[in-house]
Amino acid sequence: MSSSSTTTTTTRLLMLKASDGVTFEVEEAVATKLGAINNMVEEEGSEDLICLPNVNGKFLGMVLEWCKKHANNNTNSDKGNDEVNKWWDKEFVMDLDQNTLYHLLMAADYLSGTELVDLLTEKVASMIRGKKVEEIRETFKIKSDFLPGQEEEIRKKNSWAFE
Amino acid sequence: MESDIIEEILSRLDAKSLMRCKCVCKSWLSLITHPSFRIRHVKHQVPCVVLRLNNSGHGRLFSFRSSENLFDHITHRFPIKISSSALWPLVGSQNGVICLSCSSDRSVYLWNPTIKKLKKLPPYHYQSNILPTFIHGFGYVNNDFKVVKVVGGRLESCNQVGVYSLGTNSWKTIKMRPDHIFSDDPDVTIFPHHMHSVVVNGCIHWILNYRRKTPEEVLPLEHSLGILAFDLRTEVFKLIDSPAPSIKPFDVESMCNWSGCLSLVTIYRPRLVEIWVMKEHGVSDSWTKHVSVDFLKLPAPSCEGNYFRLPIGLSDNGNLLLSSDSQALHFYNPKSNRVELLCPKTRVIGFTTYVESIFLS
């Protein structure tokens, strides 16, 4: 059923070239889930080959995997679509290691994939929620740059938040 | 990481986690304390309803329930002792800050229950030779919280309007008064109705009950329903027409900000409840009857008899909270057309919508 719906319309194919030269052939409807690509495609006389010097192949591939899933789910007019997307998103971010998460977020932001940025920033937020200051610093490799006493003062003002 | 991405991440946190994040490093601290961040943070929070309870605490207890799941709730206690809830009316709520006034000493408080901050406003100096009454309103405009105080014996004889700004922590007296909207019609008598104010589209709203004398009758008979609006940007009062002339002031049980629209909940005896929504703010023709439901025709929740239920207010996703004379709290879900029990023993004496924030920190 799903194959017949895709063959009836001729879709434009785009070539996306990552910083390391890896190329991806993607349907326009999939790639335009990314705001940056959408803007380029909408320009008159745009070419089918788009170079993306700020994203490498590994992360571009992951971003496109997400786009493909969402583009497919959205053409399906099932009522449970939102639920499917949510479930799939959960799976997508579940086992991401921190390094991948960081690069993926940078790639999604660079490509203006608003929904994907939402998903990834929410994932990062969930790693901060309810954590102690020391744990947050450790997770994100942040060094405290407060002068002696400054941090204590902030803590004192909102002591309830540290209970 | 770019600061915009960090801001986006932090804005998704709850207030408690954010207060801790202030201690992580200097750049996070300055980001969290920036005024624009607070609004960004509010936009990510789940809308709630606040129910003021009368459970022995004289109206000090406030129950916060998530609009997404009304069963999910926490309680906060107003930090100051309250002798009687009638003397401490709820003025309104905006961006996570609740405003209460105290009629006995005329003080006004701003309270952010989530981050446990309370601010008492400086006194407003007014001229009045009669024992004044006050009508208060509370809202947020141009990165500032504002409190409006109308001083007077009655609305049409009000003699002073003060506007407080949290930014400057001071009051000023403005020229425009609410009675000016009826200045062409000297025979109008205005009665304030529901004291509690509602903010929609940068305007504070109060329900108004007014009547006009006609030449034929000495005593005015018909009461009319109107909505008094104060535009926080222009500091001008205006009158908003009611949805229909047939609606009388005492038919209105609740005025709410429902998902950004001004809405009224009316009840006709015995149990016909209607919800009106003003789709385009200030445009009288845009009043739409959103829901009309006869509670007599609905199946009662299994654990309840056929008690009378009074509308309290609307949650963001359209559920109508109801209190019954058995002091139980229910809600009506228009989608399923059913009434469900929320809490068996609760007396609600105030309602407002709310969203968690870090304002006043």
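1. A residue is called buried here when its relative accessible area is under 20%. The model is predicted. By that cut-off, Trp28(B), Leu31(B) and Ile32(B) of helix α3(B) are buried. These three cover an arc of only 95° around the axis, which puts them on the same side of α3(B). An α-helix has 3.6 residues a turn, so residues three or four places apart point the same way. The cover over the buried residues of α3(B) comes from both chains. It includes α7 (114–128) and α8 (133–140) of chain A, along with α1, α2 and α4 of chain B.

2. Helix α4 of chain B spans residues 35–43, and its buried residues are Phe37(B), Arg38(B), His41(B) and Val42(B). Viewed down the axis of α4(B), they fall within an arc of 140°, so they line one face of the helix. Part of their cover is supplied by chain B: α1 (3–10), α2 (15–21) and α3 (26–33) are among the elements over them.

3. Now the interface. Chain B puts 25 residues into the contact and chain A puts in 32 residues. About 2,600 Å² is buried between the two chains, with carbon and sulfur atoms giving 68%. On the chain B side, Arg12(B), Arg20(B) and Cys23(B) lose the most area to chain A; together they account for 26% of what that side buries.

4. Polar terms across the interface: 2 salt bridges, and 12 residue pairs in polar contact, both residues at pLDDT 80 or more. On the side of chain B that touches chain A, helices α1, α2 and α3 of chain B each supply at least two residues. The most comes from α2(B), with 5 residues. By type, that side of chain B has 13 nonpolar, 2 polar and 10 charged residues.

5. Which residue does Arg12(B) meet in a salt bridge? The partner is Asp118(A), at 3.0 Å, N to O.

6. Ser17(B) sits in helix α2 of chain B. Its relative accessible area is 2%, so Ser17(B) is buried. Beyond its neighbours within four places in sequence, Ser17(B) is in contact with Arg129(A) and Gly130(A).

7. Over all chains, the whole structure holds 17 salt bridges. One of them pairs Arg137(A) with Glu151(A), whose closest N and O atoms are 3.0 Å apart. Arg137(A) is in α8 of chain A and Glu151(A) in α9 (residues 150–157) of chain A, so the pair ties together parts 14 residues apart in sequence. Arg137(A) is buried at 13% relative accessible area. Glu151(A) is buried too, at 12%.

8. In chain B, the side chains of Glu8(B) and Arg40(B) form a salt bridge at 2.7 Å, N to O. The pair links distant parts of the chain, helix α1 and helix α4 of chain B, with the two residues 32 residues apart. Arg40(B) is partly exposed, at 21%.

9. Lys289(B) and Glu274(B) also form a salt bridge, with closest N and O atoms 3.1 Å apart. Lys289(B) is in strand β20 (residues 287–294) and Glu274(B) in strand β19 (residues 272–278) of chain B, so the pair ties together parts 15 residues apart in sequence. Lys289(B) is partly exposed at 43% relative accessibility, whereas Glu274(B) is buried at 7%.

10. Shared partners matter for the count. Salt bridges join Asp118(A), Glu122(A), Arg129(A), Asp4(B), Glu7(B), Glu8(B), Arg12(B) and Arg40(B) into one network.

Methods:
Residues are numbered from 1 along each chain as its sequence is written. Chains are lettered from A and ligands numbered from 1 in the order in which they are written. This is a predicted model: local features need pLDDT of at least 70, side-chain atom pairs count only at pLDDT 80 or more; totals for chains, interfaces and linings use all residues. Side-chain values use heavy atoms; hydrogens and water are left out. Buried means under 20% relative accessible area, exposed over 50%, partly exposed in between (1.4 Å probe, protein chains only). Helices (H or I, at least four residues) and strands (E, at least two) are DSSP runs, numbered from the N terminus. The arc is that of the directions from the helix axis to the C-beta atoms. Contact means heavy atoms within 4.5 Å. Buried area is the accessible area (1.4 Å probe) that two parts lose on being put together, summed over both. A salt bridge is a side-chain nitrogen of Lys or Arg within 4 Å of a carboxyl oxygen of Asp or Glu. A polar contact is a pair of N or O atoms within 3.5 Å; within protein, one must be able to donate a hydrogen and the other to accept it, and residues adjacent in sequence count only if both atoms are side-chain atoms. Ala, Val, Leu, Ile, Met, Phe, Trp, Tyr, Cys and Pro count as nonpolar, Asp, Glu, Lys and Arg as charged, and the others, Gly among them, as polar.
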